[in-house]
Amino acid sequence: MASQSQKSVQSRDLVLIGGGHTHALFLDLWARSPLPDVRVRIINPSTHAPYTGMLPGFIAGHYTRRDLDIDLAALADRAGAELIIGAVDHIDPMGKKVRIAGKGPIAYDVASLNIGISSTVPDISGANEFAVPAKPLGAFSEEWERFLHSDRPARIAVIGAGVAGVELALAMSFALQQAGRPAEIFLIDRSQALSGLPAKASNFLRQRLKAYNVSLIEHCSIQQVCDHSVILGDGRLLEAEFILTCAGAPPPHWLRQCDLALENGYVSVSKHLQSSDPSVFAAGDIAHMSFAPRAKAGVYAVRQAPILFNNIQTVLGKKGRLQTFAPQKDFLKLISLGDKAALAQRGRLSLSVPGLWYLKDRIDRNFMARFQ
């Protein structure tokens, strides 16, 4: 009979749901310092996950599609994890199982959600049929490449005039100019554009939009999105061959059936990034930080990674204490301006000087280098 010391420790199952930035960094950390007797599986719809920080640069033509991709298959292999291609559509905290659409359930001891959000606008008639959402990136990049290299009239409507909408409108205008196709672009918002920025930064970006022939339409709802047109709430019809949605950020509806505490559909997490079930964690845009609510931003997803790594390992049995995530109230934003230029903004300060885009480029490439 084997002695107690000879008995192997029972293996535990860690399931990472989604290949977002936090989980990519988590796998990088796990590869450097894994726990023994833990089977790690990551579930994602594809073998690659895009880094959205470089999306405006890709649309403008400064990067290739490959530059944006985190190779989850190679990353999982380096971390000793199994990559499962699929999409989770249910979590059962009581039975500790996740269900993959079309494949069935997988058991877990600890699970973590980092599935991001989409940019669909289900409350606008026709948007799901005739508009392309900016997220997820895959479909957007394919549709954009086809449009950019077509001979269709360069008329575009972008729904949502936050920072992301402005960056993408400027990027599309620049790319079309480079292709010899001067564009007519409408940027539409139901309220005030760039309302999350101070006046100085907002005014700078408004001038930039004018210089790039982007027409800003504010305080105007959208009645309907049609094939090749957008009907505004006041009855105006805008012809558009390419319609992009950057407004809204709905979480997947299936989370509402999972017996986890939610806030407007997002998973509520504690300062330890644990949901209402301590064995289920969440990070990135899908997580609502109930202890310190913040706007959705990639910087939080990145900075949550070491906290998530430590706390999951602690729950799985590693000696130590749970760590607290303390999100900063503000952070430096480097906003792409179409060509190789950027606006730096933090608090009430904003600045655009030569070389800022190259600083952003270096930060983004250094981030991606962690996964190569």
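Some ground rules. Residues are numbered from 1 along each chain as its sequence is written, and side-chain values use heavy atoms, with hydrogens and water left out. Because the model is predicted, local features need pLDDT of at least 70 and side-chain atom pairs count only at pLDDT 80 or more, while totals for chains, interfaces and linings use all residues.

Let me start with empty space. Rolling a probe the size of a water molecule over the atoms shows where empty space is left. A cavity here is a set of points, on a 1 Å grid over the protein atoms alone, where a 1.4 Å probe fits but cannot get out; a lining residue has an atom within 4 Å of a point. Points are joined across faces, edges and corners, and the volume is the space filled by probe spheres set on them.

How many cavities of 30 Å³ or more does the structure hold? There are two.

The largest cavity has about 80 Å³ of space. Its lining includes G284, D285, H288, R294, K296 and Y300. Two elements give two or more residues to this lining: β21 (287–289) and α9 (298–315). β21 gives the most, with three residues. By class, the lining of the largest cavity has five nonpolar, three polar and three charged residues. For that count, Ala, Val, Leu, Ile, Met, Phe, Trp, Tyr, Cys and Pro are nonpolar, Asp, Glu, Lys and Arg are charged, and the others, Gly among them, are polar.

The second largest cavity holds about 40 Å³. Among the residues around it are P56, H62, E167, S336, D339 and W357. Here the elements giving two or more residues are α2 (55–60) and α7 (163–178), and α2 gives the most, with three. This lining divides into four nonpolar, four polar and two charged residues.

Now the sheet. Three strands form an open sheet in the order β14-β15-β16, with antiparallel pairing; two strands pair if DSSP finds at least two bridges between them. Which strands are at the edges? They are β14 (222–226) and β16 (237–239), each pairing on one side only. Neighbouring strands are turned by 15° against each other on average, direction ignored. Those angles run from 0 to 180 degrees between N-to-C directions, with axes fitted to C-alpha atoms.

Finally, four bridges join β14 to β15 (residues 229–232), and Q224 stands opposite I231 in β15.

Technical notes
1 Å grid on protein atoms, 1.4 Å probe; cavity = no way out; pocket = protein on both sides within 12 Å on 5 of 7 lines; lining within 4 Å.
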